[in-house]
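Hi,

Here is the structure I promised to pass on.

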Amino acid sequence: MHIGIDIGGTNIKGILLDNRKVVKKVRIPTKSKTNLKIILGQIFKCIEKLISQNKNIKGIGIGVAGPIDVKNQKILNPPNVTGLKNLELGKIIEKKFKIRTIIDNDVHCLVLAEAIFGAGKNRNLVVGLGLGTGVGGGIVINKEIIYGKTGTAGEFGHMTIDKHGRKCSCGNKGCLEAYLSESGIRKTAFEILGRRIDTITLYNMARKGDSKAIEVWKTTGEYLGLGLANIVDTLNPDIIVIGGGIANAGELLLNSAKSEMRKNVLSPKAGKTQVILAKLGEWAGAIGATLL
Ligand SMILES: [Zn+2]
């Protein structure tokens with residue numbers, strides 16, 4: 001049996017996986033994003049609930065947003081749960097529970113779960129994007145996450161799609177994240193609608209047929225399509241999986257993304273690369289963490 005934990009800004013989600021089956025799910029509020037003692041307390045509580053009487057836990061996997069030094073198992077600079085900054089969380093968990101623990105980036109976990117159990121099942125080269133507060137990414141080949149020399153392979157959120165474009169959270173200009181993150185979409189909405197609006201309202205308006213709201217999603221999809229074309233030309237993957245909260249916009253976002261991708265890829269054959277929504281939903285991160 002393996003435990004998987006997904007640490008988010010709102011909830012800590014945990015699952016217990018037994019022989020590829022989810023046997024227990026636990027969700028507890030994160031409570032604090034900055035106070036390390038409180039955050040650790042909540043993580044411990046989540047793990048304790050999953051272990052309960054069980055003596056047969058072989059490993060714990062943990063997914064956290066933001067860059068992770070996988071080699072040294074250290075959380076570097078988490079964008080939402082900032083209290084975990086520079087923490088060797090794996091070592092702390094291992095010491096407390098005497099169970100081998102591995103940490104990794106949350107979108108890596110999501111892509112791994114989708115590659116093994118979800119939308120990318122039985123595919124060799126799976127690329128995934130997680131669209132939410134930020135834009136994360138991951139590459140899985142033959143069921144293994146690709147890290148690259150220093151661990152940043154697959155950071156598609158920071159590929160430049162317009163060098164004169166918007167300022168990104170990383171300090172550069174025109175990154176994909178500056179257009180596809182929640183705040184990026186809100187900026188595009190402001191440009192088109194002339195007022196401030198959140199992404200859920202924007203989604204509901206578009207579903208009801210509001211032409212300007214539809215235009216915001218279409219424009220956002222075109223930015224995504226440019227990113228997808230770069231991914232296809234670089235990696236020629238079997239499939240690209242789109243997950244994260246923003247992916248709930250579905251076809252409003254994906255239709256224009258796919259046509260923009262086809263327009264911009266080198267080979268028409270590669271332009272047919274499948275781009276589909278993640279299948280495992282909100283527990284994908286925790287499932288992926290068990291697979292670490
Ligand atoms: Zn950036």
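Leaving aside its neighbours within four places in sequence, which residues is Gln42 in contact with? They are Ile12, Ile28, Pro29, Thr30 and Lys31, where contact means heavy atoms within 4.5 Å.

Before the rest, some ground rules: this is a predicted model, where local features need pLDDT of at least 70 and side-chain atom pairs count only at pLDDT 80 or more, while totals for chains, interfaces and linings use all residues. Residues are numbered from 1 along each chain as its sequence is written, and side-chain values use heavy atoms, with hydrogens and water left out.

Back to Gln42, which sits in helix H1 (residues 36-51); helices (H or I, at least four residues) and strands (E, at least two) are DSSP runs, numbered from the N terminus. Gln42 counts as buried because its relative accessible area is 5% (buried is under 20%, exposed over 50%, partly exposed in between, with a 1.4 Å probe and protein chains only). Lys187, in helix H5 (residues 182-193), is partly exposed, because its relative accessibility is 43%.

Then there's strand E4 (residues 59-64), where six of six residues are buried. One side has Gly59, Gly61 and Gly63, the other Ile60, Ile62 and Val64. E4 runs parallel to strand E1 (residues 2-7), joined by six bridges, and is also paired in the parallel sense with strand E7 (residues 101-105) over five bridges; strands pair if DSSP finds at least two bridges between them. Gly61 of E4 partners Gly4 and also stands opposite Ile102 in E7.

Cheers
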